[in-house]
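Please read the following report alongside the sequence and the three-dimensional view.

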Amino acid sequence: MKTTALRGRIVGFRDDPFLQPPSSCLQYEPDGLVLIRDGLIASVGPFAELAPTLPQGTPIHDYGDAIISAGFVDAHVHFPQFGVIAAPGEQLLEWLERYVFPAEARFADETHAERVAGLFLRELLRNGTTTACVYCSVHPQSVDAFFRESERFNTRMIAGKVLMDRNAPPALRDTARTGHDDSLALIRRWHGRGRQSYAVTPRFAASCTPEQLEAAGDLLQRADGLFVQTHLSENLAEIEWVKQLFPDSASYLDVYDRYGLVGERTVLGHGIHLAEQDFCCCHRKGAALAHCPTSNRFLGSGAFRLFDARDGRRPVHVALGTDVGAGTSLSQLATLGEAYKTAQAVGRGTLGAIQGFWLATLGGARALQLDDRIGRVAPGFEADLVVLDPGATDLLRFRTEQGGDIEDTLFALMTIGDDRAVRATWVAGECVYDRDRAEPFAPV
Ligand code: GUN
Ligand code: ZN
């Protein structure tokens, strides 16, 4: 039995700060200890109380005034777009044609896919992200490359092969049949193996024929606990196009709903231009929206209405997504900073630090129906943790030395923090990344 302990300032949540007063949702231990046994959190409490109870010889990683939090959840990201992050000047549909499709075509080459998967996973960990919903390319070998890398680090990841049988270059098209069969083979190979889960991944309504969406619905019957990830109502030209392609559907969301693709464990990227009945449908079905603020601003797609989505009368699950490569950072701290600014621009509420960190951890886990195992620093939960250094840069140190409570420190981190503030990342009880080690990454 392997035991380890982490000492630091522990931040976690007991409830949903969009539905309850935020301060009542925060759990804070200013000098705390997290005891980890066999990959799970065994106990959490004040250092002074827990330290004397530790078994003799238990190693203690003392992080001083750094903050220990549940690892971040990124609910929407494209690993094959890593190489076209920061491609300027276009809105969604032109950007896909000009930059994304050529980049994704290169993933037919498994060696290239492996190289990018290795880089990408390390970057996620360097940013403190321990769980992500990942779009691979249309090529099954890109999924194998990603899951193999995730398995090396033992990260809890969700990923899938993109389905697209129309409106894409021929080299990137599958068919309803091959897309189905390739996905099924991947599900059998990877879904539920260790910490890996599969997401059926129709790219978006415009790239899938009705036959392909039907085949996607069929795949969901083939195993328990499968996810669905796709894009929804991101861009006005896209929405108009989907209306033409599916004239009989009542809305963009209805296209997916008719094929049985909207339910628990469905993660809909963007959801910017939604009507009240769409929010009601997501609430009823338990589907989640992935808020991707850096991407939405980069492509000029629009402003996600976070506080309307989370309206207590029919709250919709919301998680944060970086959406790299349209997104401009894999950092959930940077993403929170943009989410704050988007909320200010929309004017329906101000995103406080407690709500922000909840979205990046327990809220994300809840949106993915994984909140019984990740997202909390609490006994029985998987020991996926991020350690955040409030003195990581001169500016952060100076800003957080001015006084202020833990909420103020968290707000500074989400506004001026980024990957540099991630001191260490723990996955299933192992330290897989340590910023200050000579060799920062250690696959388990
Ligand atoms: N819609 C369909 N495909 C994509 C994609 O790769 N990125 C984004 N942001 N939107 C999409
Ligand atoms: Zn996307």
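The report goes from the whole chain to its domains, then to the ligand shell and to some local backbone features.

This is a predicted model, in which local features need pLDDT of at least 70 and side-chain atom pairs count only at pLDDT 80 or more, while totals for chains, interfaces and linings use all residues. Residues are numbered from 1 along each chain as its sequence is written, and chains are lettered from A and ligands numbered from 1 in the order in which they are written.

## The whole protein

The protein has 16 helices and 16 strands, where helices (H or I, at least four residues) and strands (E, at least two) are DSSP runs numbered from the N terminus. Its radius of gyration is 21 Å, close to the 22 Å that the globule rule gives for 444 residues, so the protein is as compact as a globular protein of that length; the radius is taken over C-alpha atoms, and the rule is 2.2 Å times the number of residues to the power 0.38. Along the principal axes, the C-alpha atoms fill a box of roughly 65 × 45 × 40 Å.

Of the 444 residues, 55% count as buried, a class that requires 20 or more other C-beta atoms within 10 Å of a residue's own, whereas exposed means 12 or fewer and partly exposed lies in between, with C-beta atoms placed from the backbone. Among contacts between residues at least 6 apart in sequence, 74% join residues at least 24 apart, a contact being a pair whose C-beta atoms, placed from the backbone, lie within 7 Å.

## Two domains

The domain assignment gives domain 1 (3–71 + 375–434) and domain 2 (73–330), with bounds that come from an automatic or database domain assignment. Between the two domains, 14 residues of domain 1 are in contact with 15 residues of domain 2. On the side of domain 1 that touches domain 2, strand 15 (422–427) and strand 16 (430–434) each supply at least two residues, and strand 15 gives the most, with three. The C-alpha centres of domain 1 and domain 2 lie 30 Å apart.

## Around ligand 1

The residues around ligand 1 are H78, L92, L96, V100, R203, F204, H231, E234, S295, D323 and A326, each having its C-beta atom, placed from the backbone, within 6 Å of the ligand. Helix 3 (residues 92–105) contributes the largest share of this shell, three residues. By type, the shell divides into five nonpolar, three polar and three charged residues; Ala, Val, Leu, Ile, Met, Phe, Trp, Tyr, Cys and Pro count as nonpolar, Asp, Glu, Lys and Arg as charged, and the others, Gly among them, as polar.

## Local backbone features

Most residues other than glycine have a negative phi, and most peptide bonds are trans.

| Residue | Phi | Other C-beta atoms within 10 Å |
|---|---|---|
| N154 | about 60 degrees | 20 C-beta atoms |
| D323 | about 50 degrees | 30 C-beta atoms |

N154 is found in the loop between helix 5 (140–153) and strand 7 (157–160), while D323, which is also one of the residues around ligand 1, lies in the loop between strand 13 and helix 13. G325 has its place in the loop between strand 13 (317–320) and helix 13 (332–346), and the peptide bond from V324 to G325 is cis, with omega near 10 degrees.
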